[in-house]
Amino acid sequence: MPASVLWAVDLSGRVHTLATSGQCWELCRDVPLDFKRVSTAGQCCWGLACDNQVYVHVAAGDVPIRRREEAYENQRWNPVGGFCEKLLPSDRWPWSDVSGLQPRPLDGVALPSPHWEWESDWYVDENFEGEPTEKAGWTYAIDFPATYTRDKKWNSCVRRRKWIRYRRYKARDAWAKAALVPAGEWKIPSKDDPKQLPDPVSDLSVGGWEITDEPVGRLSVWAVSLQGKVWYREDVSHPNPEGSSWSLVDTPGEAVQISCGPQDLLWVTLWEGQALVRQGIDRHNPKGSSWSLVEPPSPEVGLMHVSVGIHVVWAVTKDKKVWFRRGVSSHNPGGTSWIQMVGEMLMVDVGLKDQVWGIGGEERALYFRQGVTPSELSGKAWKAIVAGRDCDWSHSGSLSSLLSAGCFFGDEVRGSGESSAPSDTDAPSEVDRQGPGQPLPVEPLPGLGSHTGSAPHPGSGQVADWTEGCASPAAGTGEATPACEPQPGPASLPAELPWTNVDLQDPARGPGPSAPGPTEAAGLSSLGLLSLGLEETCGADEHPLWAWVSGGACAVEAHMALKWFTVQPGLSPSVQALSLPITPAQTTAWRKQIFQQLTERTKRELENFRHYEQAVEQSVWVKTGSLQWWCDWKPHKWVDVRVALEQFTGHDGVRDSVLFLYYVVHEEKKYVHVFLNEVTALVPLLSETRPSCTLYTPERTRQRWPVRLAAATEQEMNDWLALLSLSCCESRKVHGRPSPQALWSVTCKGDVFVSEPGPGLEDPEHPLPCDQLFWWQMGGHLRVVEANSRGVVWGLGYDHTAWVYTGGCGGGCQGLGSSSGSIYIQSDVKCVRIYENQRWNPVTGYSSRGLPTDRHMWSDVSGLQELTKASARPPSLQWVWDSDWYVDFSVPGGADPEGWQYAPDFPASYHGYKTLKDFVRRRCWARKCKLVTCGPWLEVAPVPLRDVSIIPESPEAPSAGHSVALWAISDKGDVLCRLGVSELNPAGSSWLHVGTDQPFVSISVGTCYQVWAVARDGSAFYRGAVSHSQPAGDCWFHVASPPKQRLKQVSVGQTSVYALDENGNLWHRQGVTPSHPQGACWEHVSNNVRQVSVGPLDQVWVIADKVQGSRGLSRGTVCHRTGVQPHEPKGRGWDYGIGGGWDHISIRANATRTPRSGSQEAGGEQEAPGGPVRC
């Protein structure tokens, strides 16, 4: 299923989905019953069936839904028998939970519902705080409860061990009835059970996924029973999609309908026509605390339906009028006043990003609200969705196939002017619709008659626009009334049933050809098609009548071009149904064939002109402008300069460029020039004050003092960046896509850079200095890039979205030179964080009045820069705010229920609880911002990833005939193996889940399929028996981490394994051999390291945190480990390269081995002694 879909229910009770990238409704086939309504959130859909029971539909995915069950075995020592299960009367249970208060025998832990299954039997957890335990997983303590250790001491009187068993949710991609009892208590429910619904359900709503991230995927599921009571579903989350039980929430009246938003908005409509608003909903109390009453727009006509989002509330009154609630926010969930919108609707639904859908009042057509933005939440116009249904395409396609095959036999005589097959030249016409209150014209299917009915064909291609202003506000509000369009005319369709009743039979149609003609009817009946499963196929000329719509899983972006409103012109439905998909392999083969033909033609055309002398154009081109330069002398400051870029072409046809900076010092004119063929990198900087960039040369890289330029506007800087980047690439003769051996890197700003390795880059005798590498920018915005020597490149965004490289070049915000056909829209989301700081005093307690030496009361994470909610800005003008400010509870060290972290003083180590010695506290506020750019990247949906690793194949390995091994870590910590990855299909086909006992944070696969990983607790693991024939391996082997260190990243090459801990220490695993792949011990290599990458030749490259040059200090520097030999895998020293703002590098694609002579192998390498990356 696509990641973003719109769900809807028609009047017959069938459930349909429409993808944002699709053009046709898809029918949900595996539906056990007819449904009345659905409510969606992400990949989960809750539905209300015709039996008034609640069902859950969880989309199938490559990552299974697993939940761990734990039980603790407790024992006490006695002088007679040693440790045994005979405990004291005051002790905990022999088998209990982690607290010891509840008994939990292994045979008493049952599955919560029939929708779960056990993965394996119970087994002992032999991992304790990142270290392997001894003696069958026992941990020891003095008494219950106490601090446990893995070592037995002389005073260890009690011990315990943890038993683990995983259960898996098996009802994926199917409708499962929600369990009525809590987890672990599966039984036949009784009528007196307070945890089950006493009467059937009449309405439900799903929301609350943005209230908190703990547990992962937590949802708020609300329901209204036929008795008018409101119920809340407990413990609904991604690990427990069906929840545990129902709890009653008291209301001051009888409820009829309910709507829950993504955050803390919850509205309920009453039978009297009023609305209730839930107060006090937060992450610690998702059910809220109290109700407040909201009156309807008019006392005579009450509310019939409401739908809420993040900042909006839409409503429909009993006379089908549409209303918008003004002034809704988290601080004022009830809003201030009602504003009437033009048109009539049966219901409306608010989806993601406050987008709105509605169902027309008479014709039951589906509408989308256009123009909804954060600045204009009410939108601008209604537009009808005229997408076809999959049954329409299949019906028309099968019918035309029968006709064209000559299988349509009848008893009547057909005239010569009658045609049985639709023509490819027949194009559907476009008819404008005035509004949802008027009937829809019908476009008949070509070849099936020329009658006209009252409902449009879903695939007719007509676009119905309904633009409106705001009608008069509610009576008594006293607000101004803007001009509005005339109301839609009376409907010509017969009156439908009330919106609260769902007729599960086919509704009555208006006059029109609802059945095929006599010729078609005779032919179909003679063929007996109804007995082949087509009795429920909807007619090709029928307009779908909708009963319900839900947009909680439909993300509509501002830059997205929806295909819901038109169909492809010039093609009949039968032709579209018969079109075949084109595979990537076919596309690649066609491109190669076309390229070969063009090359041969060029050779033939140039053969007759070989005796002509080559014409060379000699020219000089100059571009000037005004910029600012960060001067070289002290005091360092910004100086206004005149910039001139001179580009000239010599007699040999080589184009080169020089950049001049003209400035004035003490009334003396001076200049600085930079040859662009010496520039090694042109990097845009992440600056909040002014748009700036830096130019690196080998000399300035060694000095740690690049040329830094700034512009007045970001557009001006982007223009200069694009021009200078193009000139640098032309001087270096760099064109097209990078080679498969290229080096990839990412800056802290998210810009992607590529460099072609020189022939002597990994020469052990005379390596090419890495400050000589030329880095050029590739379009897109990423956080991590991983590549291998077969041209497979993956990237991860800040929002954990996975992207695959398409083979193009260019894109980006700077308008870099692009290759047509391989550049796509790319988006990314990141958080801007600020900190609220307070100090305790005896009078007022914690307050914003600090000491004169304290940090700012609103600051960044360091406390050195003042940063408030009003002054905080997105990283650059390309970023726009995507949410409001919210408290970030996922900070290191934890936080209390209000988000505060405590410490004795600023700065110090913070923790999430208050002690008597804590005199300061801070709270983190976060706000999401979004970037929309372009680059040669395609999204790999739908699993968000935290880390990815591609096998770095060595030159000796065969490069064809087998797939590429790719491993990844999901954002939830699941380990995944990608299947079907190759040069022709770099995105792969599907994910294979690899089970683990705990969440993982980093993974790496070596040249010989050695898979190493790091768990969340900082311990390392090795995956055994991984091979091409067994891509997932068989089991995990625990590897102890370095003493008193927690690992955070691992990288594996051909024979070397390197790991990085949380303190920036780089470790090498000694003793790794084919017979003992886990190695023997960790050996310290260096400190001051931010990230490490090990290549297929065991070459080691890192991102150093700080590097001191002759004139400055750079943070985030690319460094190359020199002196790496088979007999000396740790290397000897460091070679410093490009620096200043680099976050990630991937050397794993460079498998080019430098040829070595006998003298080079015999001679030694004279390098400086190894040591840490010096600050």
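## Charges over rings

In this predicted model, the charged end of Arg66 sits over the ring of Tyr166, at 4.0 Å from the ring centre. A second case involves Arg708, whose charged end sits over the ring of Trp630, 6.0 Å from its centre. Arg66 also takes part in a network of salt bridges with Glu119 and Arg168.

## Strand β15 and its partners

Strand β15 covers residues 158-169, and eleven of its twelve residues are buried. Strand β7 (residues 66-78) pairs with β15 in the antiparallel sense over eleven bridges. Within this pairing, Asn74 has Arg160 in β15 as its bridge partner.

Other strands also pair with β15. Strand β10 (residues 116-118) runs antiparallel to β15 and is joined to it by three bridges, with Trp116 standing opposite Tyr169. Strand β11 (residues 123-124) pairs with β15 over two bridges, again in the antiparallel sense, and the partner of Val124 there is Trp163. Strand β14 (residues 139-141) is antiparallel to β15 as well, with three bridges between them. Tyr140 has Arg159 in β15 as its bridge partner.

## Salt bridges

How many salt bridges does the structure hold? The count is 32. One of them joins the side chains of Glu69 and Arg167, at 2.7 Å from N to O. Glu69 belongs to strand β7 and Arg167 to strand β15, so this pair ties together parts that are 98 residues apart in sequence. Both Glu69 and Arg167 are buried.

Another salt bridge is formed by Asp203 and Arg37, whose closest N and O atoms are 3.0 Å apart. Asp203 lies in strand β17 (residues 201-207) and Arg37 in strand β4 (residues 35-41), which puts the two residues 166 positions apart in the chain. Asp203 has a relative accessible area of 0% and is buried. Arg37, at 7% relative accessibility, also counts as buried.

The side chains of Arg702 and Asp771 meet in a salt bridge too, with 3.2 Å from N to O. Arg702 is in helix α5 (residues 698-703), while Asp771 is in the loop between β44 and β45 (775-778), so the pair ties together parts 69 residues apart in sequence. Are these two residues buried or partly exposed? Arg702 is partly exposed, with a relative accessible area of 42%, whereas Asp771 is buried, with 6%.

Strand β22 runs over residues 266-270. Five of its five residues are buried, so the strand is largely enclosed by the rest of the structure. Which residues lie on each side of β22? Leu266, Val268 and Leu270 are on one side, Trp267 and Thr269 are on the other, and both faces are covered.

Strand β21 (residues 255-260) runs antiparallel to β22, and five bridges join the two. Ala255 stands opposite Leu270 in this pairing.

Thr269 stands opposite Ala275 in β23. β22 and β23 also form a hairpin, here with four residues between them. Gly273, in the turn, has a positive phi of about 95°.

## Aromatic pairs

The model has 38 aromatic pairs. In one of them, the ring centres of Phe753 and Trp1142 are 5.6 Å apart and the planes are at 45°, so the pair is tilted. Phe753 lies in strand β44 (residues 752-755) and Trp1142 in strand β73 (residues 1142-1146), so the pair ties together parts that are 389 residues apart in sequence. Phe753 and Trp1142 are both buried.

Aromatic residues also form a cluster made of Trp7, Phe35, Tyr55 and Trp175.

## A surface patch and a buried serine

Trp590, Ile594 and Leu598 make a nonpolar surface patch of about 300 Å². Trp590 is located in helix α4 (residues 584-606). With 44% relative accessibility, Trp590 counts as partly exposed.

Ser1093 is in strand β69 (residues 1089-1094). At 1% relative accessibility, Ser1093 counts as buried. Between Ser1093 and Ala1059 there are 9.5 Å in space, C-alpha to C-alpha, and the two are 34 residues apart in sequence.

How values were computed: Residues numbered from 1 in each chain as written. Predicted model: local features only at pLDDT ≥ 70, side-chain atom pairs only at ≥ 80, totals over all residues. Heavy atoms only, no water. Phe/Tyr/Trp six-rings, centres within 6.5 Å; stacked < 30°, edge-to-face > 60°. Buried < 20%, exposed > 50% of the residue type's maximum accessible area, 1.4 Å probe, protein only. Lys NZ or Arg CZ within 6 Å of the ring centre and 35° of its normal. Patch = residues over 30% accessible without salt bridge, like charges linked within 9 Å, V, L, I, M, F, W, Y side chains within 5 Å. Areas by Shrake-Rupley, 256 points an atom, 1.4 Å probe, with all protein chains shown as cover. Salt bridge = Lys/Arg side-chain N within 4 Å of Asp/Glu carboxyl O. Pairing = 2+ DSSP bridges.
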